[in-house]
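Let's walk through this structure together, one region at a time. Keep the 3D view open as you read.

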Amino acid sequence: MNGLVQGEFTQDGATAATTQTSQVPAEALTGGPIIATDGTTTTSVSVPDKQIVLTFDDGPDPEYTPEILEVLAEYGVTGTFFMIGSQISEYPDLVRQVAEAGNEIGIHTYTHPELSGASEWRRTVEMRETQLALAGAAGVTSVIFRPPYSSTVAALDDDSWAVMQDMGEQGYLTVVNDLDSRDWEQDVTVDDIVEAVTPDDGAGAVLLFHDGGGDRSLTADALREVIPALLAEGYTFTTVAAVSGMATVNPDATAGEQALGLGLVSAVQIATHVSAWFSGLLLIFGVLTVARLLFMLVLGRRHARRGRSGHRWGPAFTEPVTVIVPAYNEKECIADTLGSLVASTHPVRIIVVDDGSTDGTAEIAEALGLPGVTVLRQPNSGKPAALNAGIAAADTDVVVMMDGDTVFEPDTVRLLVQPFADPAIGAVAGNAKIANRTGMIALWQHIEYVVGFSVDRRAQDVMGCMATVPGAVGAFRTEALRQVDGLSDDTLAEDTDLTMAIVRAGWRVVYEERARAWTEAPATVGQLWRQRYRWSYGTMQAMWKHRRAVVEKGSFGRRGLLNLALFQTLMPLLSPLIDVFLIYGLLFLNPAETVLAWFTVLAVQVLSTVYAFRLDAESLRPIWRVPLQQFVYRQLMYLVLIQSTLAALGGIRLGWQKLQRAGGLSALLGARAR
């Protein structure tokens, strides 16, 4: 609707006139500028000597139309305004103002197309919608019409005549002009305009001015010279109706026409304001996104330099730690998970908490006979309960939590726990990596993980507002866990909930990018949807639960929570506007400029992704898939976020959703290492 209102439905422009006039009646070619035809009979009317009809095209315009009305009122003359339907719909108050001042209103199509190249259907729509808009705005219709890009009768050719003939058969009187002010030219002056519209030898004329369609700042000034000059020469100002012998060119609209017209005008008003509002939101969104991206990249770089400078948290942390592995139906992965832990270069005690598995996960873990591995069984109670059971059984100052479908590198635990040499550290986030990097869906997640961990978590560490220690690889000081009463089942994002609680309790949470864990990503759209739905919904729950942090002392509430609310919830909900305006631009704006803008944004995203991959020492080969994310993966994430938002608003409660795993992580990592 807004595209139509703005007159950008098609490429707007005049077609070159031809010399073909075999179809144009002589009465039209040699007659006056007011033409009537029914397809067989053609008559025309010329303006009598010493009389002037002032006409104005392409309005109404909120800036220029009032200026022109003021000049007309100042000299007590009226004019004929050939209005564009889209402008009528957008500025109905101006239309009423024009009509109430005694001026005539004519039809100038709805979107100002070159009608000679338009289909019969397009012509019909252009005229009908303009009539409805006029009926809705001013309660009248019009019987006079001026084709866009028309000139004098001398410029008529077969193509333009076909349009006039078509309009005449529909009952319209076509009005062209005798003299063109050329106020539409870029370098025109007031003197040029005055000279262009001054008739020779007292001849009558229809004068063409414009009150819309571009910069018309000189038109009112020129009228202030033209009108008194013509009056001084003995001219009078008249109307199309008076010259044609009609009572009016604007008969009252029927009740039905007014009702339909009011509906059209109201719809346009809504469309125009909503589109403008969304355009503003998109602009703000774009500026904030780019500013945030640059800021996060700078902070990410600062964090990377800290690591490369040999930063030490204190004396080496060598005390044994407990690794808790919550497991629910992990028969495909549990052997690989435990095998990676017993190969750790740091002393570990491993507790597997089987949460009511029905596939023999506990039996497989016990049958492995690995040293230092304890298997606890409990009825199915959910992941938080399983982790709390492991915490209760731990007897070390630090515990490491991981998922049952994840494997650690030999140095992961050692690197992960080194920050605990600093007594202010309450938790450490590790670096989760996608192991099964085969297939487009998994590779898209790989890109997302690298950017998220390599940039976002680094920046959050520097700002002191870490929001999530991932469940796949995280370490916690036992004292901090006890202070916040362990994990809660209040949310589906128990790792985010726990991290927020620890930060609010006064502990510092940091990120150790060298502590890498390898996890199996969902390989199908259905599995990905379920996982991200739980994550997104759980994050919203955690944000709501810890909302008071915004007013508490510390940086987490003002930085961490607001960052989550703005950039991971509200702004992603607006992200579909990018796609909407891409389609809008291709249909209604300049397609080349639209594509250029889209590729510019894409280039910024690709470059930032390359930077994130470099920070994490990752291969750049998957980067070519970033553009493809815009057409599938990003839309999927929109829908997940929308569903999560609706679920959060509705208070829907979800359980611990188990994803189907393929297993074989050790083999995947071995192949990657080779």
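The tour goes from paired strands to an arginine and then to some aromatic rings.

This is a predicted model, in which local features need pLDDT of at least 70, side-chain atom pairs count only at pLDDT 80 or more, and totals for chains, interfaces and linings use all residues. Residues are numbered from 1 along each chain as its sequence is written, and side-chain values use heavy atoms, with hydrogens and water left out.

Start at strand β4, residues 80–83; strands (E, at least two residues) and helices (H or I, at least four) are DSSP runs numbered from the N terminus. T80 and F82 on one side of β4, and F81 and M83 on the other, are all buried, meaning under 20% relative accessible area with a 1.4 Å probe, protein chains only. Strand β3 (residues 51–59) pairs with β4 in the parallel sense over 4 bridges; pairing requires that DSSP finds at least two bridges between two strands. Across from F81 in β4 stands F56. On to β5 (residues 104–107): this strand runs parallel to β4, joined by 4 bridges, and I105 is the bridge partner of F81 there.

Next, find R146 in the loop between β6 and α7. R146 counts as buried because its relative accessible area is 0%. Its contacts (heavy atoms within 4.5 Å) include D57, F82 and H108.

Finally, look at a charge over a ring, which takes NZ of Lys or CZ of Arg within 6 Å of the ring centre and within 35 degrees of the ring normal. R547 has its charged end over the ring of W544, 4.0 Å from the centre, while R292 lies over the face of F567 at 4.8 Å from the ring centre.

Note on methods
Buried means under 20% relative accessible area, exposed over 50%, partly exposed in between (1.4 Å probe, protein chains only). Lists of a residue's contacts leave out its neighbours within four places in sequence.
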